[in-house]
Amino acid sequence: TAFLDNLNGLPIITLEENSVIGGIGSAVLEHYESRGKLHDLRLKRLGFPDAWLEHATREEQLADMALDTAGLVDSLRVFLSEHVHQPVE
């Protein structure tokens, strides 16, 4: 928990192998909520939604959910550009 306390106020990005529900991003939310610091939290949780996914290859599913390399880069660029006061390339 000291690690998360040291990140207070900084942008935090979590990436789940599976569903975002109940993953590390949820644990981060719970940590800050228990300390009354949700107002300082800048968190982006990436992972699969809690929804039925069409049968496809792993690569196709990742692309469909924007969790492939291109999708992740785009998501991170947008999130960081909103929360960091310098250009994000």
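In which helix is Ser 26 found? Ser 26 belongs to helix α2, which covers residues 24–34. The model is a predicted one.

Is Ser 26 buried or exposed? Its relative accessibility is 13%. The cut-off for buried is under 20%, so Ser 26 counts as buried. Leaving aside residues up to four places away in sequence, Ser 26 touches Val 20, Ile 21 and Arg 45.

**Helix α2**

Ser 26 is one of the buried residues of α2. Gly 25, Val 28, His 31 and Tyr 32 are buried there too. What covers them? The cover for the buried residues of α2 includes helix α1 (2–6). Strands β1 (11–19) and β2 (42–48) are also part of that cover.

**Helix α4**

Helix α4 spans residues 69–83, 15 residues in all. From first C-alpha to last, α4 reaches 21 Å. That is close to the 21 Å expected at 1.5 Å a residue.

Which residues of α4 are buried? They are Gly 71, Leu 72, Ser 75 and Phe 79. Viewed down the axis of α4, these buried residues fall within an arc of 95 degrees, so they line one face of the helix. An α-helix has 3.6 residues a turn, so residues three or four places apart point the same way.

What do the buried residues of α4 pack against? Their partners are β1 and β2.

Key. Residues are numbered from 1 along each chain as its sequence is written. This is a predicted model: local features need pLDDT of at least 70, side-chain atom pairs count only at pLDDT 80 or more; totals for chains, interfaces and linings use all residues. Side-chain values use heavy atoms; hydrogens and water are left out. Helices (H or I, at least four residues) and strands (E, at least two) are DSSP runs, numbered from the N terminus. Buried means under 20% relative accessible area, exposed over 50%, partly exposed in between (1.4 Å probe, protein chains only). Contact means heavy atoms within 4.5 Å. The expected span of a helix is 1.5 Å times one less than its number of residues. The arc is that of the directions from the helix axis to the C-beta atoms.
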